[in-house]
Amino acid sequence: GSLFKDAITPGDAGDDEEPAGTRAKDNTELVGTVGDFVARLAKDDEFSGVVLIAQHGKPVFEKAYGHADREKQIPNQMNTRFNIGSINKNFTALSVRQLAEAGKLSLSDPIKKFLPDYPNTQAAAKVTIQHLLSMTSGIGDMFGERYDKTPKEKLRTLRDFLPLFADKPLEFEPGSKSRYSNGGYIVLGLIIEKVSGVDYYSYVRENIFKPAGMTDTESYEKNSAVPNRALGYTREGGSLKNNYSTLPGRGSSAGGGYSTAQDLLKYSEALKGGKIAAGDPQKGIGIAGGAPGLNGVLESNPQSGYVVVILSNLDPPSAQKVAKQIRSWLPRP
């Protein structure tokens, strides 16, 4: 399972069984049911992290479980910053839409318009921004043999990720099929940098995180001291081991930044309120991120007003399993 693999849509948590359970009749019943369920998983070491359920912007359930640092016995708290994996891709896609709305780029523009030195000239000419956004580019993944052999500390800027995939031939004709591509989202990040004139991290900070009030969301360098940061734990053999060695030196436009449950709720509300422009506020969000030692889910349903945020510092599907079960219990609006 390579990093940031699961950008899923609701209802696709990798297994077809619908979770058991009838819808709660109100939020009071929901809170009791969810509390019992997650406490049981946490006791069995199947969940460690935070659960936030809000309705119309107000939390109805907020609780932290397990440890942010098992060695030092530091518990997870509601303000703990978790690695959110591919949930970052949503910020990247939103940035591209903001720049398109500002007339700085068009979704039909090819890569070469912005990155004339892109290593694969055929891809640069044929692949459009729309292909990259919709994962129909044919550009491969950045995870695999090259990633495994690269000293992770060297991966600190978006350009550092290009040698992992950019020179490879296209896997298929752009637009002809769809395949999950972290590489494509690295390219989008580089296009954002070129068009905006600032680095990717500054762009999302100024144009998404600040306007939305997300003060605890950032792609931290992995070796910097960050308060309230959860360490990730992946299962090996029968025991849990720190996932530090699998992480790049810094997260990217494809994933690996950090956030809190509260900040992701603010993000969902800012999208709904039109604070960060771009997109249709009537459309809900259903995104997940997962890699060894991390799993996160953000789901919002504008019709019912519910937002569910689950962040976990254990392997997938620790958060997705909880999100799926909660989804089946949410009261009907």
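D109 is buried, because its relative accessible area is 9%, below the limit of 20% that applies to buried residues. The model in which this residue is seen is a predicted one. D109 belongs to the loop that runs between α2 and α3, the latter spanning 121-126. Leaving aside residues up to four places away in sequence, D109 touches F114, V127, T128 and I129.

Helix α2 (residues 88-101) packs with helix α7 (residues 182-196) at an angle of about 40°, and the two axes are 10 Å apart. That angle makes α2 oblique to α7. The crossing in which α2 passes α7 is left-handed. On the side of α2, the contact is formed by K89, T92, A93, S95, V96 and L99, while α7 contributes N182, Y185, L188, G189, I192 and V195. Sorted by class, this contact of α2 with α7 holds 7 nonpolar, 4 polar and 1 charged residues.

Helix α2 also packs with helix α8 (residues 200-212), here at an angle of about 80° and with the axes 10 Å apart. Why are α2 and α8 described as roughly perpendicular to each other? The angle of about 80° falls in the range of 65 to 115 degrees, which counts as roughly perpendicular; α2 and α8 are therefore placed in that class. In this pairing, N88, F91, T92, L94, S95, Q98 and L99 of α2 meet Y200, Y203, V204, N207, I208 and F209 of α8. The contact of α2 with α8 comprises 8 nonpolar and 5 polar residues, with no charged ones.

Is S252 buried or exposed? With a relative accessible area of 1%, S252 is buried. Not counting residues up to four places away in sequence, S252 touches N88, M142, L158, F161, I186, Y200 and Y201. A polar atom of the side chain of S252 also lies 3.0 Å from the backbone nitrogen of A254.

E145 provides a contrasting case. This residue is part of helix α5 (residues 145-149), and E145 counts as exposed because its relative accessibility is 59%, over the limit of 50%. The side chains of E145 and K149 are joined by a polar contact of 2.9 Å. The C-alpha atom of E145 is separated by 8.8 Å from that of L164, which is 19 residues away along the chain.

Finally, several loops show particular backbone geometry. D45, in the loop between α1 (27-43) and β1 (49-55), has a phi near 60°, a positive value in a residue other than glycine. D45 is partly exposed, with a relative accessible area of 28%. N228 likewise has a positive phi of about 60° although it is not a glycine. N228 is found in the loop between α8 and β6 (233-236) and is partly exposed, at a relative accessible area of 37%. The peptide bond from P316 to P317 is cis, with omega near 0°, and P317 lies in the loop between β11 (306-312) and α10 (318-329).

Notes:
Residues numbered from 1 in each chain as written. Predicted model: local features only at pLDDT ≥ 70, side-chain atom pairs only at ≥ 80, totals over all residues. Heavy atoms only, no water. Axes fitted to C-alpha atoms, helices over the stretch in contact; angles between N-to-C directions. Helix = DSSP H or I, 4+ residues; strand = E, 2+ residues; numbered from the N terminus. Parallel < 35°, antiparallel > 145°, perpendicular 65-115°, else oblique. Left-handed = near helix turned anticlockwise from the far one by under 90°. Contact = heavy atoms within 4.5 Å. Nonpolar A, V, L, I, M, F, W, Y, C, P; charged D, E, K, R; others polar. Buried < 20%, exposed > 50% of the residue type's maximum accessible area, 1.4 Å probe, protein only. Polar contact = N/O pair within 3.5 Å; in protein donor to acceptor, adjacent residues only side chain to side chain.
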